[in-house]
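Please read it alongside the sequence and the coordinates.

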Amino acid sequence: MTPQQIRKLERELGEYVAQLTDGMGRPERREAMGLYLKGLLLDGERKSIEPIAARLVDDLGEVEGMRQRLLQCVAVSKWAEVEVFRRIAVKVDAELPAVEALVIDDTGFPKKGEHSVGVTRQYSGTLGRIENCQVATSLHLAGEKGSACIGLRLYLPEEWTNDRRRCRKAGVPDEVAFHSKWELALELLDNALIAGVRARIVLADSGYGDTREFRNAIRERGLDYAVGVHHPTRVWRPGTMFSVPPKTARKGPPRRNAHAAEGAAVSIGELAKELTYRTVTWREGTRGKQSSRFAAARVRTSHKHTQGAAPGPEEWLLCEWPSTESAPSKHYLLSLPAPPPSASWCGRQNFAGASNATTKTSRGRWGSTTSRGGHGPASIITPRSAPRPTPSLRSAERFPPRSRLKWTLPMVRRHLQAVLLRSLPTCPLCRRAFDPRHAPHGVSRM
């Protein structure tokens with residue numbers, strides 16, 4: 001990197017810090033924050049105050065003065081944390097292109113000692129194991145072209161909140177109580193929505209998706225989610241019918257919750273082995289084409305159904321079964337709506353709807369998939385892998401002249417979906433065999 005490029009980056013960093021800290025305290029303190037961020041970005045393994053101070057000065061005699069200046073800025077001064085993240089969220093939401101999702105995740109910070117706030121032996125997804133570390137819940141805006149953290153909250157384990165003497169020694173206020181990670185995530189999400197961040201689908205791993213209260217809270221906020229779940233989670237099979245039991249002469253209040261008319265709930269791992277899988281290629285990565293086998297079905301969760309609880313709302317179950325695995329390895333629940341029955345071949349309507357969801361792969365990359373199906377095994381297709389129409393002698397028959405019809409993106413999408421529908425042997429809803437030589441009524445032949 002040339003000196004001119006370095007000076008340009010340093011100038012842009014200074015402007016960025018000035019925007020985030022404008023009006024927050026004295027100019028000297030805001031300048032010290034810019035120096036601290038610059039020190040974090042410089043080379044060097046240790047990112048504590050003293051090593052950073054040594055990197056920022058040329059004369060060794062100035063290290064102590066820089067250390068005290070940074071310590072006063074970072075450890076003593078009080079910053080309006082919520083306001084800083086609000087400014088970051090607004091800036092990222094407005095300027096980062098192609099943002100698709102709100103992503104909730106954990107970040108681990110390995111530690112050697114035991115005096116840092118919240119440090120204990122706990123699992124860290126960043127480290128991939130149980131280690132002595134701090135863990136923070138984070139919220140990100142993410143898309144194909146990048147991502148940015150717009151919220152971060154340190155997780156304080158119960159062994160800390162139950163030991164008030166330890167908390168006081170570390171500077172934790174007495175009013176700070178224990179909050180689970182999913183509760184911290186909802187607080188970060190609420191702050192982002194209040195700041196004006198546009199509503200998007202919420203993505204999270206099974207550490208959050210396994211909690212029914214978390215999924216319900218996302219729905220209550222009017223957002224959709226795509227979250228990982230573990231295979232023991234129990235659901236009702238696709239197509240299960242529910243009814244409210246009739247009133248009986250037994251004592252006590254009448255039962256008002258709907259219950260399954262027949263059959264029993266099964267684990268996601270058991271149901272996943274019964275679905276029909278198709279190979280999906282969603283992007284070209286550094287290691288070649290990224291692909292795997294997926295299947296989807298509409299299910300309802302059966303949380304506490306043995307205690308009289310009603311079934312959960314209908315949602316998508318998305319399962320991944322790589323060809324190298326002996327069983328489905330990943331499972332997701334998606335609250336996206338299902339297309340109406342007219343989207344199937346047996347429905348005689350001109351509709352080929354689909355639901356778009358952004359899913360996270362095991363390598364942390366993002367890809368959009370289009371799911372289609374109903375009450376039963378369904379297939380997965382991707383817009384990126386859909387065959388594009390090629391010019392031919394029949395192009396006039398497949399695409400009307402522009403003078404007669406102006407093509408829009410939704411129209412092209414519906415036509416491509418209609419072509420893909422005819423490539424499957426049976427209808428995913430009624431399982432009826434379909435002759436590809438005769439398109440159903442209302443479906444475009446392109």
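In which helix do glutamate 64 and arginine 67 both lie, and how many residues apart are they? Both lie in helix α4 (residues 63–76), 3 residues apart, which is about one turn of the helix; helices (H or I, at least four residues) and strands (E, at least two) are DSSP runs, numbered from the N terminus.

This is a predicted model, in which local features need pLDDT of at least 70 and side-chain atom pairs count only at pLDDT 80 or more, while totals for chains, interfaces and linings use all residues. Residues are numbered from 1 along each chain as its sequence is written, and side-chain values use heavy atoms, with hydrogens and water left out.

**Overall composition**

The chain has 13 helices and 17 strands. Of its 446 residues, 39% count as buried, where buried means under 20% relative accessible area, exposed means over 50%, and partly exposed lies in between (1.4 Å probe, protein chains only). Among the contacts in the chain with a separation of 6 or more, 57% come from residues 24 or more positions apart, contact meaning heavy atoms within 4.5 Å.

**Salt bridges**

A search of the whole structure finds 22 salt bridges, each being a side-chain nitrogen of Lys or Arg within 4 Å of a carboxyl oxygen of Asp or Glu. The table includes three of them.

| Pair | Distance, N to O |
|---|---|
| Glutamate 28 and arginine 26 | 3.4 Å |
| Glutamate 64 and arginine 67 | 2.8 Å |
| Arginine 166 and glutamate 159 | 3.7 Å |

**Packing of α1 and α5**

Helix α1 (residues 3–21) packs with helix α5 (residues 81–95) at an angle of about 120°, their axes being 8 Å apart; the axes are lines fitted to C-alpha atoms, for helices over the stretch in contact, and angles run from 0 to 180 degrees between N-to-C directions. The two helices, α1 and α5, are therefore oblique to each other, given that angles under 35 degrees count as roughly parallel, over 145 as roughly antiparallel, 65 to 115 as roughly perpendicular and the rest as oblique. Tyr16, Gln19, Leu20 and Thr21 of α1 make the contact with Val84, Arg87, Ile88 and Lys91 of α5.

**Cysteines**

The structure holds 0 disulfides, a disulfide being a pair of cysteine sulfur atoms within 2.5 Å. Cysteine 149 is partly exposed, with a relative accessible area of 29%, whereas cysteine 319 is buried, with a relative accessible area of 0%.

**Serine 302**

Serine 302 is found in the loop between β12 (288–301) and β13 (315–320), and at 5% relative accessibility this serine counts as buried. Leaving aside residues up to four places away in sequence, serine 302 touches Arg234, Val235, Trp236 and Ala265. Serine 302 and serine 267 are 35 residues apart in sequence, and their C-alpha atoms are 9.5 Å apart in space.
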